Amino acid sequence: MLEVSNIETGYGDVQVLYGVSLSVKPGEVLCLLGRNGAGKTTLLKSIMGLLPLKSGSISFNGKALHTEPAHLIAKHGIAYVPQGRRLFSELTVAQNIEIGLMVQGRGHQTRERVLELFPRLRERMKQRAETLSGGEQQMLAMARALSTEPRVLLLDEPTEGLQPSMVALIDEVTLKMKNEGVAIVLVEHQLDTVLTIADRVAFIENGRNPETVTTSDLALTPNKVMQYLGVS
Amino acid sequence: MIEQIRTSLFHLLLIAALAGLYFILPEYHSGVLARVMVLAVYAMGYNLLFGYTGLLSLGHALFFAAGMYGLGMAMQHLDLSSSLGILAGLITALIVSAVIGFLALRTSGVAFMIVTLMFAQAGYLTILWAGEYTRGDEGFVIQQSQRVLSGIDLSDAGNRYFAALVLFAICLFIIGWIVCSGFGKTLVAIRENEERARMLGYNVQRHKWLAVIASGVISGAAGAAYALLFGYVGATFATVQYSIFPLLYVLLGGAGTTIGPLIGTVFMFYLIDFSSELTNAYLLVAGVALILLTLFAPQGLAGELRKRVMPWLP
């Protein structure tokens, strides 16, 4: 289980998170919901060790992560698909996946499994990543992350700016991962998606986590969405 | 695997062509080519760091000079044989690049350029300061009688050509192997997106440090070979100019390609050779040619070749 307890962090002197706590279990999707600038991405970055904590702790299965250097956090089985994808743009699709496979020493089997999730990539293996469409790039970013066979997956707005069919595909893969027992932290603004795939929703507001509710509770109290996002 | 075989075959063909050229080319040109091959090795070392890892150093002359003085001083003052001299050159380059890499990699981007430039300047000034041993600006000659490797007289033009070719071939295969290996691919990933590579779980800092060392040792090998083959060790080779040369060769030839450094070195050498025959203002001609190349072949000659006709080029 991934546990974030009471963390405070930010960029230099600018503090962004004030005592945020949350946890996510294997096979569970936790959605972070909040306005732009609330601190959702900062939270994911601090889990990945990109930002030093001022206080609080992050642990995975009882092992402290916040004391580890960034590159070792991924080795614990935590994968991060950042917003805006960030591929190795000059490398081919095959090479991008290979870089993901190599780091944990995964082989052919993992590669096939990942390509089964995204058959479109199989047709594009020799193409440079920068020449892919937006949707394909998102698939590749996820495929690269899944090549490490993660136990925790952090997804930052994976469906942002994609056409509906692509959104459905990404959601489908997210659900598959959940069913395979991966713990997923998802930043998502599409409420339909949140209601269909998330188990719980953690609201983030001004760097704090005022409440975390189950998705079924959220469906019964739509005014919460109004309260935290300003939309109904 | 196929990639590795194709790369090796391509490199073998290139080496065979270079060997054949010796018998075709007039003496002047084969002499030039011997020098070009050694400098191309220097550029290949530079390319590993700049072209593949994305780190722009302005202080590689320090590594070239480390190899050169490592060999030169060992042969001059300790009376070591050529082969032990080469070893001394390589070890010196290894130590210097490991230390400089460790320190300079605490910075990145422009700061890395400045820090490497400063270290190289410090190295150059140290050579001048220790003039009693290094003979400062004037440098020293390695006697013809000493320039013998396994019974082969390296002052002979033919032997020198093939010795340069052997060094070039070894380094080309090492680079080809590195580029196709997981390590090489990781370096490219770091060049493309350092933070992403770290997020995937790669120890970026360690990879960059190893890249500086590999790059420094190959550059040092070129420096040692230059001293041994051409018989002269001098502080000129530690100046800023010699840090800029490999950058130019690599940019012109094609950064991030295995043959780019050779193409760039040949091109630069003959460009200056040719233009200095035309006019005293030969740098003007060279400058115009460089501007044209930057405009129309921004990825360098081999880079354009890869982009347009040979996408498999390693």
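# Chat on a two-chain model

Guide: Start with helix 14 of chain B. Its buried residues are covered by elements including helix 11 (240-253) and helix 12 (260-278) of chain B. Keep in mind that this is a predicted model.

Visitor: Which residues of helix 14 of chain B are buried?

Guide: Helix 14 spans residues 301-308, and Ala302(B), Gly303(B) and Arg306(B) are buried there. They cover an arc of only 105° around the axis, so they sit on the same side of helix 14 of chain B.

Visitor: Why do residues three or four places apart point the same way in an α-helix?

Guide: Because an α-helix has 3.6 residues a turn.

Visitor: OK, zoom out. How many helices and strands does chain B have?

Guide: Chain B has 14 helices and four strands. Its radius of gyration is 19 Å, close to the 20 Å from the globule rule for 314 residues, so chain B is as compact as a globular protein of that length. Along the principal axes, its C-alpha atoms fill a box of roughly 55 × 45 × 45 Å.

Visitor: What percentage of chain B counts as buried?

Guide: 47% of the 314 residues. Take contacts in chain B between residues at least 6 apart in sequence: 75% of them join residues at least 24 apart.

Visitor: Now the interface. How many residues of chain B are in contact with chain A?

Guide: 15 residues of chain B, against 19 residues of chain A. Helix 8 and helix 9 of chain B each supply at least two residues to chain B's side. Helix 8 of chain B gives the largest share, six residues. By class, chain B's side has six nonpolar, five polar and four charged residues.

Visitor: What covers the buried residues of helix 3 of chain A?

Guide: Both chains contribute. The cover includes helix 4 (108-117), helix 5 (119-122) and helix 6 (134-146) of chain A, plus helix 8 (182-192) and helix 9 (194-200) of chain B. The buried residues of helix 3 (93-103) of chain A include Val93(A), Ile97(A) and Met102(A). After helix 3 of chain A comes Gly105(A), with a positive phi near 65°.

Visitor: Switching to the sheet in chain A. What is the strand order?

Guide: 2-1-4-5, in an open, antiparallel sheet of four strands. Strand 2 (14-24) and strand 5 (63-64) of chain A are the edges, each pairing on one side only.

Visitor: How many bridges join strand 1 and strand 2 of chain A?

Guide: Eight, in the antiparallel sense. In strand 2 of chain A, Leu22(A) is the bridge partner of Val4(A).

Visitor: Which strands does helix 1 of chain A lie across?

Guide: Strand 1, strand 2 and strand 4 (55-60) of chain A. Helix 1 (40-47) of chain A runs at about 70° to strand 2 of chain A.

Conventions
Residues numbered from 1 in each chain as written. Chains lettered and ligands numbered in written order. Predicted model: local features only at pLDDT ≥ 70, side-chain atom pairs only at ≥ 80, totals over all residues. Rg over C-alpha atoms; globule rule 2.2 N^0.38 Å. Buried ≥ 20, exposed ≤ 12 C-beta atoms within 10 Å, placed from the backbone. Contact = placed C-beta atoms within 7 Å. Nonpolar A, V, L, I, M, F, W, Y, C, P; charged D, E, K, R; others polar. Arc of directions from axis to C-beta. Pairing = 2+ DSSP bridges. Axes fitted to C-alpha atoms, helices over the stretch in contact; angles between N-to-C directions.
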